[in-house]
Amino acid sequence: MTTGTEQPIEFYEKRMPIVTRSVKGKFRNFKTAVLVLAYTVYFGLPWLPWHRHDAASQAVMFDMDGRRFFIFDLVVYPQNVFWLAILLFIAAAILFFATTLIGRAFCGYFCFQTLWTDLFIWVEQFIQGERPARLRLQKQDWNAEKIFKVGGTHLIWLLIAFWTGITFVLYFGYAPDLLKRFFTGDAASAAYIGVLGLGLSTYAAAAFMREQICAYICPYGRFQSVMYEPETLAVAYDVRRGEGEKGRISPRGELKSRETRIEQGHGDCIDCGFCVQVCPAGIDIRDGLQYKCISCGLCIDACNNIMDSMGYPKGLIRYDSEANLALETPKPPAISWKRWKAAGYLIAILVMTFGLLYSISQRTEFEESVQQIRQPLFVILSSGEIRNRYQIRLTNKTDRDAVYSISAKNLPPQALDLGGMENVTVHSGKSVIVQASVKLEPELAEKYEHFTFVIQSLTNPADRSEESANFYNEHNHT
Amino acid sequence: MNQKTGQKPAPQTTGHAWDGDLQEYNNPVPTWWLVSFYISVAAAVIYWFLYPAWPIGGSYTKGFDTITYVNDKGVTKTTHWNTRALLMKETNEAVTAQKPYYTKVADTPFEKITKDPELDSFVVSAGKQLFSDNCAACHQQGGAGKVGFAPNLTDDDWLYGGEFAKIQQTITHGRHGYMPPFAEVLDDKQVSQLADYVLSLSKIAVDPVSAQAGNALFHSETAACYYCHGDNAHGRQEIGSANLTDRIWLWANVPGADTIADKEAAVKNVIRKGLNKGVMPAWQDRLSADQIKLLTVYVHELGGGK
């Protein structure tokens with residue numbers, strides 16, 4: 001029976017597995033160097049000891065119970081959360097700045113998706129062999145060898161993913177102790193959920209999703225194009241040089257010699273496909289600038305190696321700008337700094353960095369807030385005097401106990417009553433509330449409408465803070 | 001995937017044909033979607049077993065998960081999981097967490113509590129909560145009271161005394177203020193004279209002659225105000241009679257009245273009708289001794305007690 005049906009349109013194309021070839025070269029070396037550095041920092045940092053007085057001796061620790069972050073000698077409290085906002089702004093501005101200069105370079109070298117994918121590919125290659133061997137293995141029927149190799153790869157991947165999760169969790173506690181508790185089952189449930197969540201997502205993202213994260217999920221991949229300009233450096237294939245007039249052609253017989261190729265109108269590209277085989281995003285850079293390219297430069301290395309072996313000049317694929325490639329005779333590629341956009345990003349980075357450093361340098365080792373008690377705003381005492389009350393909350397942000405003295409400026413003597421808490425000891429990381437009351441004769445109330453609380457650390461004389469306060473009476477309270 | 005080979009698989013159809021050749025494509029949902037759907041179904045089934053889920057007539061399936069908590073009578077109860085039991089359990093935990101502080105408050109003498117910054121901070125925050133739950137209905141949030149209704153706890157005037165022990169006694173056993181009505185004993189003129197005298201004590205400009213007569217009446221056996229309010233009208237804290245010489249008024253809203261006549265009227269009203277409403281209930285049955293002690297310190301600090 002004829003159905004009369006047509007071939008359906010394929011709306012969904014299955015992912016074609018990308019099996020990359022390894023490559024040697026300067027961009028590969030740089031990528032490896034960044035990878036080693038990043039892993040050293042990430043996996044090593046929770047284990048770096050740091051001398052502290054009454055907190056865990058760990059250089060970087062996010063103490064959720066104590067609600068404070070230890071970052072070397074800096075202790076960050078929830079009140080300083082805007083530092084995080086500034087830091088995120090700076091990071092974003094640096095990203096934009098880098099993108100406008102050298103394109104999506106962050107993606108290729110620094111992004112953790114790239115780093116972990118790279119590590120996973122390396123493991124895959126270590127166990128299963130180079131690209132041809134892996135392709136063979138993929139086609140092979142299941143047997144002991146395939147089970148051993150594929151299973152071993154996944155086992156090591158899972159171990160890496162697990163340790164990635166564990167390491168993340170270790171930042172939130174004293175690492176040696178937390179690790180022990182984790183394995184004895186005494187850690188908080190958040191630790192197990194964290195390890196499971198981050199471990200599984202690492203495994204999924206680096207083992208299976210890989211370039212699909214960059215192409216379909218990562219928001220940066222979506223909006224980076226707005227930062228591109230003709231002057232932006234990006235991994236580019238020199239089409240004119242590569243294709244010539246008659247297109248690329250593989251080197252056979254006399255076509256091996258560059259002179260002959262140029263004579264016959266062919267370009268330098270010998271169509272070996274190396275640039276495609278090494279690409280972790282699975283693209284062909286010769287198709288031009290495309291959104292899937294993560295600018296890792298591995299195709300440059302691959303192409304340069306081929307050019308070397310052919311005896312052709314290097315740089316058929318290189319970091320270059322669209323503007324330069326369009327020139328009659330392209331100049332040597334260079335980062336083009338002198339653009340308003342780049343200058344704008346740079347100024348934003350500098351201003352915010354300065355602001356952040358200034359804010360950090362101006363921090364006091366304690367946090368204070370003076371709150372006027374507004375129920376009632378003021379009280380008339382039996383003598384006719386007027387009293388206002390205030391709550392002073394003091395938080396000791398240092399890692400040892402400290403004594404603070406509280407006093408008032410611009411008030412007559414005897415007006416301030418602190419209930420015997422003129423000097424108050426606050427334990428490290430804790431807060432106390434001091435009740436202050438100010439009592440004034442009605443005729444003086446107008447004069448001392450504004451005054452100032454002075455809080456001075458007796459432990460560290462440089463630490464001092466002033467808080468202005470208002471005095472309310474019958475006339476100014478509405 | 002098939003672009004390279006140029007071949008496409010024959011389309012899957014549902015297998016039915018209408019009108020001879022009309023067929024419907026079978027487009028199954030993606031595998032990942034189907035798997036997630038089955039996982040959700042499994043999760044729902046697990047949920048039915050663990051938690052209350054299905055209504056059955058007047059009852060419902062209770063689930064296997066249980067919660068154990070101690071109720072307010074000190075009895076340990078285990079019940080099927082429900083949000084009320086969860087609240088009780090979490091309340092138990094919160095009470096346990098507060099326990100060391102309460103014990104410390106109970107074991108520390110009053111004066112020492114106010115000198116210990118950390119303990120005092122606890123009293124301020126826990127006391128505020130207790131006060132809001134139990135006291136604020138009359139004394140208002142913040143303790144400012146309301147003229148004619150409940151005393152202001154934030155000033156320095158104390159009907160029954162502002163020492164720690166007195167405040168503790170007031171909260172524990174309650175108070176009942178009483179002043180007899182004088183409408184039948186005194187005539188209008190005498191009431192006016194007394195009112196003028198009482199206002200003059202608070203340095204309010206009234207007719208001095210009338211106030212002088214009021215003074216005599218105050219100390220006479222006719223009105224006998226001095227019995228309760230004392231010879232110098234300073235009041236007597238042991239019976240809770242008010243100090244009439246300060247500028248604080250509880251029952252007669254003198255500060256709220258604009259004219260002298262209105263102020264007089266307010267005082268006269270109290271003298272004529274007397275008072276039988278200064279009632280504060282006893283809290284010993286409702287609050288624990290520890291809670292009362294904590295409230296005592298809190299109230300003491302509200303008004304800078306004595």
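Apart from neighbours within four places in sequence, B:Cys135 contacts B:Leu130, B:Gln140 and B:Leu295 (contact: heavy atoms within 4.5 Å). The model is predicted, with local features needing pLDDT of at least 70, side-chain atom pairs counted only at pLDDT 80 or more, and totals for chains, interfaces and linings using all residues. Residues are numbered from 1 along each chain as its sequence is written, chains are lettered from A and ligands numbered from 1 in the order written, and side-chain values use heavy atoms, without hydrogens and water.

B:Cys135 lies in the loop between α4 (117-134) and α5 (136-139) of chain B. Helices are DSSP runs (H or I, at least four residues), numbered from the N terminus. B:Cys135 counts as buried because its relative accessibility is 14% (buried: under 20% relative accessible area; exposed: over 50%; partly exposed: in between; 1.4 Å probe, protein chains only). B:Cys138 sits in helix α5 of chain B. At 37% relative accessibility, B:Cys138 is partly exposed. Its contacts, not counting residues up to four places away in sequence, are B:Gly145, B:Phe149 and B:Ala150.

An unreviewed UniProt entry places a "binding site" at B:Cys135, B:Cys138, B:His139 and B:Met280. These residues are spread over 146 residues of sequence but cluster in space, with a largest C-alpha distance of 10.3 Å. UniProt positions follow the numbering used here, feature names are shortened, and annotations may be inferred rather than shown by experiment.

In chain A, helix α6 (residues 144-170) has 27 residues. Its first and last C-alpha atoms are 38 Å apart, close to the expected 39 Å (1.5 Å times one less than the number of residues). Buried residues of α6(A) include A:Trp157, A:Ile160 and A:Leu170. The buried residues of α6(A) pack against α1 (26-44), α4 (112-128), α5 (131-139), α7 (175-184) and α8 (189-209) of chain A.

Definitions and conventions. Helices (H or I, at least four residues) and strands (E, at least two) are DSSP runs, numbered from the N terminus.
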